[in-house]
Amino acid sequence: MSSLPLWRDGAAARRSASRSAVIVGLAALTSAVLVWPMLFTTSGLGGDWEHHLWYVWRQSLAIRADGAPSMFVNTDYSVFYPQYAFYGGTIYVLAGTLAVVLGDSPLSAYILTYILGFMAAYGGWYWTGRILGLGRCLAQVPALLFVTSACYLTLVYGQGDWPEFLAISVLPLMVAAGLSVLRAERLRALPAIALAGSSIVFFGSHILTVLWASTLLGLTAVALVVFVPSVRRQIRRRRLLRLVALVIPALLVNAWFLLPMSAYASHTRIGSQHGYVAGYKDLHETMHLVAFHHLFTLSRATTAFGHPDYALPLPTLVIVWLLASVVILLASVRRGTWVRVLVILAVIAAAIVVLMTHAGLLLALPKPYTLLQFSYRLEDYVLMCVTAAVAVVLVLVRSGSKRLRRWT
């Protein structure tokens with residue numbers, strides 16, 4: 001009889017492992033579906049897709065030849081151009097190393113990074129849903145919503161902005177791993193590795209995304225601590241120091257290109273007065289892309305003139321469902337931790353929408369933030385607020401009455 005608990009523990013562990021394998025399989029399958037155009041086409045995709053592939057290839061050549069990455073590329077218009085010192089140097093090194101490992105195959109490595117990016121976004125949102133208390137099925141909802149949204153896929157197939165895609169993709173994983181570390185009594189290996197790894201990729205990717213995402217994430221964290229007492233009570237100094245001890249070294253891994261970038265940023269084209277004027281022009285010329293009828297529509301085929309590949313609608317039906325849910329929940333729940341969280345997310349999302357649709361407000365920000373160039377870059381953060389709000393509503397509905405649970 002004494003062996004029975006051990007047998008049960010072993011069976012439970014096997015069931016948990018099998019369920020985890022199913023989740024990983026679903027994330028991999030979803031990612032494979034989302035990248036299928038890359039697998040079955042012989043031409044380059046939209047925007048800067050092939051440019052970043054070229055930079056990955058050049059970095060792989062340097063790594064193969066010298067055993068170390070380079071800060072420079074040589075082109076027909078410049079010798080020793082410090083590309084990797086100013087533009088996401090670490091992700092090019094990681095992809096270039098992967099290309100060498102795969103037998104000098106930069107295209108395979110490049111496409112694999114997209115698959116890993118989709119999996120990181122999917123897994124991060126699923127993990128967050130589980131932390132919030134959702135079941136294995138409902139936790140899939142925010143994950144699927146995020147990775148299949150129009151603006152997120154346009155980032156891949158319309159803009160071809162690989163560094164920004166990786167930064168946006170690992171952000172949910174970094175947040176989920178950070179929450180896991182903050183909530184745990186002791187540090188566990190998997191959350192620690194996930195937090196350190198995602199932080200290395202995040203801080204080593206698209207600098208404008210790092211700046212904006214870090215700022216908005218910090219503001220959201222402060223709002224939650226100030227206005228949600230239960231969140232404030234759960235914060236422990238020891239756990240917070242543990243989080244910092246994992247994130248800061250990950251940030252310092254990227255010092256090899258962040259330090260020269262910080263030192264010489266004012267000497268770059270975008271950091272100069274000429275770059276500011278050009279960015280001002282780009283911002284105004286593309287402001288029509290975030291017009292109301294482009295953001296809120298039931299058709300993902302709605303694009304602006306001159307930008308046929310830029311489908312930027314927010315998940316309109318989901319937003320309608322959220323608004324209806326708020327009305328239903330306020331009538332039954334009215335107050336509590338999750339209601340406050342929902343209000344904070346709604347306020348932040350609305351503020352970002354107002355900011356990204358008014359060039360004057362954007363240009364009134366401190367200079368680093370005015371280098372945004374294209375206001376539609378902020379739409380991904382609105383999508384994150386919407387996705388998080390969906391998870392919160394599902395938590396509220398799940399913990400409500402039987403009649404309320406039908407709304408799910």
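**Exercise 1.** Is Arg 377 buried or exposed?

*Solution.* Before we start, note that this is a predicted model, where local features need pLDDT of at least 70, side-chain atom pairs count only at pLDDT 80 or more, and totals for chains, interfaces and linings use all residues. Residues are numbered from 1 along each chain as its sequence is written, and side-chain values use heavy atoms, leaving out hydrogens and water. Now take the cut-offs: buried means under 20% relative accessible area, exposed over 50%, and partly exposed in between (1.4 Å probe, protein chains only). Arg 377 has 8% relative accessibility, so Arg 377 counts as buried.

**Exercise 2.** Find which residues are linked with Arg 377 in a network of salt bridges.

*Solution.* A salt bridge is a side-chain nitrogen of Lys or Arg within 4 Å of a carboxyl oxygen of Asp or Glu.

- Step 1: Asp 161 pairs with Arg 377, with the closest N and O atoms 3.6 Å apart.
- Step 2: Glu 164 also bridges to Arg 377, here with 3.3 Å between the closest N and O atoms.
- Step 3: Together, Asp 161, Glu 164 and Arg 377 form the network.

**Exercise 3.** Work out how far apart in sequence Glu 185 and Arg 239 are.

*Solution.* Start with their salt bridge, whose closest N and O atoms are 2.6 Å apart. Glu 185 sits in the loop between H9 and helix H10 (189-203), and Arg 239 in helix H13 (residues 237-253), so the pair ties together parts that are 54 residues apart in sequence. Helices are DSSP runs (H or I, at least four residues), numbered from the N terminus. Finally, compare the ends: Glu 185 is exposed at 56%, whereas Arg 239 is buried at 10%.

How values were computed. Helix = DSSP H or I, 4+ residues; strand = E, 2+ residues; numbered from the N terminus.
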